[in-house]
Amino acid sequence: MTVVISATGLYTPPHSISNDELVASFNAFVARYNSEHAEDIGAGVLPALQQSSAEFIEKASGIQNRYVLEKAGILDIQRMVPDIPERPNEQISITAEIAVAAAKEALKKAGRDASDIDAVICSCSSLQRPYPALAIEVQKALGAGGFGYDMNVACSSATFAIQNAYDIIKAGHGRSVLVVCPEILTGHLNLRDRDTHFIFGDASVAILVEHAEIAPPGSWAILGTKLQTRFSNNIRNNFGFLNRCDPQWRDMPDKLITQQGRKVFKEVVPLVSEMILQHLAELDLKPSDLKRMWLHQANSNMNRLIAERVLGHEATQEEAPTILDEYGNTAGAGSIIAFHKYSKDLAAGDKGLICSFGAGYSAGSILIQKAS
Ligand code: COA
């Protein structure tokens, strides 16, 4: 029995922020901070904050731009957090809303009615609440049937959910499973931290995973999935209920994302490239069988190295397309955005790989083949 990816959908937020705009705001904040704390900095009690630079950001990460749900609050140096007001319970939550927008595109492309869906999985690194599950809210908003639940595996959220959807269909619990990955990452980004302020953007994707018997033409057969996790503190976010036990929690930077970028780079590149090679071997495939790799979009140098280790040569944009320059890091959504934008030109029989990696560490590999 074959399980396929029938269609994908993408929601891109209406606002974008260039590196220059982001850096101008960050540097204005640094100048104000250093001037306000000049006495302590002069006395050696406090370290002066250092300026950021657009050139550094592009060279270190490949990011030139990011899309955001709200722009003014991010750039306002009095705030430096997006101004996304809480909504009343009667109104659809913002995360469910952007999940629905991406889902509608995927359903339309597959010619599928929402009532045909047997399950909704909402899997992302930026779940806005613990319950009720966002997936159930998305299920209701779409008019889908069956059941829904949420998952979070950081940047690997979408690939891990694709495997769950695959398993649901293989086990006979459903034939049409909708995976949504709405990532509002500007909410957990520390815009006052020079090392990380530029990394993330917002976006939402949807992936319709189905039994091949009902799949529309042009779908992608899932040849196999492989997941891996290995505990690491190098990307971490300690935000959670128990923080309420500490009266100081609002002032603690580790309640937003923190990372040891260099260590992540060094440790994740071998983990991911070895996993891809192992997955290919398990399915009796060679790297040269891959027409394209849609890699997680966190850092262009990291992707270059992973692709090179897998293919044995430097990958072209056609072999490993990037969307990082335009979108920034969109966590779980990144590899799916790359697939969504750069897969239409492939022919029946062509094989490809969707691969995610991120906090956990976690990594997911999905090998697919375009059906006729
Ligand atoms: N502007 C200007 N300079 C900056 C800067 C900024 N915003 N941030 C750091 N620098 C400086 C540092 O101070 C350092 O200077 P020094 O050499 O004088 O000490 C220099 O640039 C290099 O810093 P470093 O942190 O080593 O940069 P890097 O080349 O490792 O790039 C990352 C940083 C985070 C972009 C990169 O390590 C990375 O992307 N790693 C992987 C992260 C990842 O994939 N995370 C997964 C999330 S899903």
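User: Before we start, what do buried, exposed and partly exposed mean here?
Analyst: Buried means under 20% relative accessible area, exposed means over 50%, and partly exposed is in between. Keep in mind that this is a predicted model.

User: Fine. Is P47 buried or exposed?
Analyst: P47 has 61% relative accessibility, which is over the 50% cut-off, so P47 counts as exposed.

User: Where is P47 in the chain?
Analyst: P47 is in the loop between α2, residues 38–42, and α3.

User: And what does P47 touch?
Analyst: Leaving out residues up to four places away in sequence, P47 touches Y33 and I41. As for L242, 195 residues away along the chain, its C-alpha atom is separated from that of P47 by 30 Å.

User: On to α3 itself. Which of its residues are buried?
Analyst: A54, I57 and S61 are the buried residues of α3. Viewed down the helix axis, they fall within an arc of 70°, so they line one face of α3.

User: What do those buried residues pack against?
Analyst: They pack against α1 (19–36), β3 (65–68), α9 (300–311) and α10 (324–327).

User: Which exposed residues are on the face turned away from the buried side?
Analyst: E55 and K59 are the exposed residues carried there by α3.

User: What follows α3?
Analyst: G62 follows α3, and the phi of G62 is positive, near 85°.

User: Now the ligand. How many residues surround it?
Analyst: The ligand is surrounded by 19 residues, and the closest are S52, C155, Q259, R262 and N299. By class, the shell has 9 nonpolar, 7 polar and 3 charged residues.

User: Which helices supply at least two residues of that shell?
Analyst: α3 (54–61) and α8 (261–282) each do. α8 gives the most, with 4 residues.

User: How much of the ligand does the protein cover?
Analyst: On its own the ligand has 970 Å² of accessible area, and the protein covers 71% of that.

User: Different spot. Where is S356, and is it buried or exposed?
Analyst: S356 is in strand β12, residues 351–358. Its relative accessibility is 1%, so S356 counts as buried.

User: What does its side chain make a polar contact with?
Analyst: The side chain of S356 makes a polar contact with that of T159, at 2.6 Å. Apart from neighbours within four places in sequence, the residues in contact with S356 include C155, S156, H296 and S362.

User: Which peptide bonds are cis?
Analyst: One of them joins Y131 and P132, with omega about -5°. P132 is in the loop between β4 (119–123) and α6 (134–142). The bond from G360 to Y361 is also cis, with omega near -10°. Y361 is in the loop between β12 and β13 (362–370).

User: Why point those out?
Analyst: Because most peptide bonds are trans. Likewise, most residues other than glycine have a negative phi.

User: Which residues other than glycine have a positive phi?
Analyst: Among them are M80, with phi about 55°, and A331, with phi near 50°. M80 is in the loop between α4 (72–75) and α5 (94–110), while A331 is in the loop between α10 and α11 (334–341).

User: Buried or exposed, those two?
Analyst: M80 counts as buried, at 3% relative accessibility. A331 is buried as well, with a relative accessible area of 0%.

User: Last one: R32. Where is it found?
Analyst: R32 is found in helix α1, and is partly exposed, with a relative accessible area of 27%. Not counting residues up to four places away in sequence, R32 touches I77 and Q78. R32 and L49 are 17 residues apart in sequence, and their C-alpha atoms are 10.0 Å apart.

Technical notes:
Residues are numbered from 1 along each chain as its sequence is written. This is a predicted model: local features need pLDDT of at least 70, side-chain atom pairs count only at pLDDT 80 or more; totals for chains, interfaces and linings use all residues. Side-chain values use heavy atoms; hydrogens and water are left out. A residue is near a molecule or strand if one of its heavy atoms lies within 4 Å of it. Accessible areas come from the Shrake-Rupley method with a 1.4 Å probe; for residues, only the protein chains shown count as cover. Ala, Val, Leu, Ile, Met, Phe, Trp, Tyr, Cys and Pro count as nonpolar, Asp, Glu, Lys and Arg as charged, and the others, Gly among them, as polar. Buried means under 20% relative accessible area, exposed over 50%, partly exposed in between (1.4 Å probe, protein chains only). The arc is that of the directions from the helix axis to the C-beta atoms. Contact means heavy atoms within 4.5 Å. A polar contact is a pair of N or O atoms within 3.5 Å; within protein, one must be able to donate a hydrogen and the other to accept it, and residues adjacent in sequence count only if both atoms are side-chain atoms.
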